[in-house]
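These are my notes from one sitting with the model. I went residue by residue, then on to a helix pair and a pocket.

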Amino acid sequence: MKHRLDIIIGSTRPGRAGPIFGEWLEGFARQHGKFEPVLTDIAAFNLPMLDEPHHPRLRKYENDHTKAWSKAIDAADAFVFVAPEYNYFVAPAIVNAIDYLVHEWRYKPAAIFSYGGVSGGLRAAQALKPLLTSVGVMPIPEGVALPAYATLLDQERAFHPSEQVLGGAKTMLNELSRWSEALKTLRAAG
């Protein structure tokens, strides 16, 4: 049985590019064949700023949006965060979504598909990694960074990846699959 890969779209802004890259990556991962990819859009969960009265380690969720988010993340074996860079940092929606949960994240690997201006979102990717480790996620070194991402979209806002992006995405998924398999025993132990 293939491991479930949640491709998490991290921007919730109107007019965002995250869904374009997430949908492309979902199709690419399906063709790659090592995962069962699932598109997970943070915006669809309507998570307000963390509003649970109990610490997430207790798993005493009171809000329906938190219960739905918990169920989605708990079902995953691995993640790719489609992460824009905002003001030299990771998107606030990603930080908030991670903070909602603890146990659901544990012993799962994550890669980062970042996009932005001249840095390709690498500053956001680097800022995201310590947050992921604090909830038990293993961020892998392999990822994809898209500098000047808007130049990679045509007039209809379709994404046309370069050979370099295709090669990077393949390497990222190969490594993510290895890590997911390696951490499977820890996930099973709870």
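I looked up valine 38 and found it partly exposed, because its relative accessibility is 25%; buried means under 20% relative accessible area, exposed over 50%, and partly exposed in between, with a 1.4 Å probe and protein chains only. The model is a predicted one, in which local features need pLDDT of at least 70 and side-chain atom pairs count only at pLDDT 80 or more, while totals for chains, interfaces and linings use all residues. Residues are numbered from 1 along each chain as its sequence is written, and side-chain values use heavy atoms, with hydrogens and water left out.

Valine 38 sits in strand β2; helices (H or I, at least four residues) and strands (E, at least two) are DSSP runs, numbered from the N terminus. I listed its contacts (heavy atoms within 4.5 Å). Leaving aside neighbours within four places in sequence, valine 38 meets Arg4, Leu5, Asp6 and Ile7.

Next I took up helix α2. Threonine 66 lies in α2 and is buried, since its relative accessible area is 0%. Not counting residues up to four places away in sequence, threonine 66 touches Asp51, Glu52, Tyr61 and Tyr100. From threonine 66 to aspartate 41 I have 14 Å, C-alpha to C-alpha, and 25 residues in sequence.

Serine 70 is also placed in α2, which spans residues 64-75. Serine 70 counts as buried because its relative accessibility is 9%. With residues up to four places away in sequence not counted, the contacts of serine 70 are Arg59, Tyr61, Leu101 and Glu104.

Arginine 59 needed its own entry. It is in the loop between β2 (35-41) and α2, its phi is near 55°, a positive value in a residue other than glycine, and it is partly exposed at 38% relative accessibility.

How are α3 and α4 packed? Helix α3 (residues 92-99) and helix α4 (residues 122-134) meet at an angle of about 5°, their axes 11 Å apart. So α3 is roughly parallel to α4; angles under 35 degrees count as roughly parallel, over 145 as roughly antiparallel, 65 to 115 as roughly perpendicular and the rest as oblique. Axes are lines fitted to C-alpha atoms, for helices over the stretch in contact, and angles run from 0 to 180 degrees between N-to-C directions. Ile94, Val95, Ile98 and Asp99 of α3 make the contact with Leu128, Leu131 and Leu132 of α4.

I then listed the buried residues of α3: Ala93, Ile94, Asn96, Ala97 and Ile98. These buried residues pack against α2, β3 (78-86), β4 (89-90) and α4.

My last entry concerns a loop residue. Alanine 148 lies in the loop between β7 and α5. Its phi is near 45°, a positive value in a residue other than glycine. Alanine 148 is partly exposed, as its relative accessible area is 37%.

A pocket is an open set of points on a 1 Å grid over the protein atoms alone where a 1.4 Å probe fits, with protein on both sides within 12 Å along at least five of seven lines; lining residues have an atom within 4 Å of a point. The lining includes Gly143, Pro147, Leu152 and Gln164.
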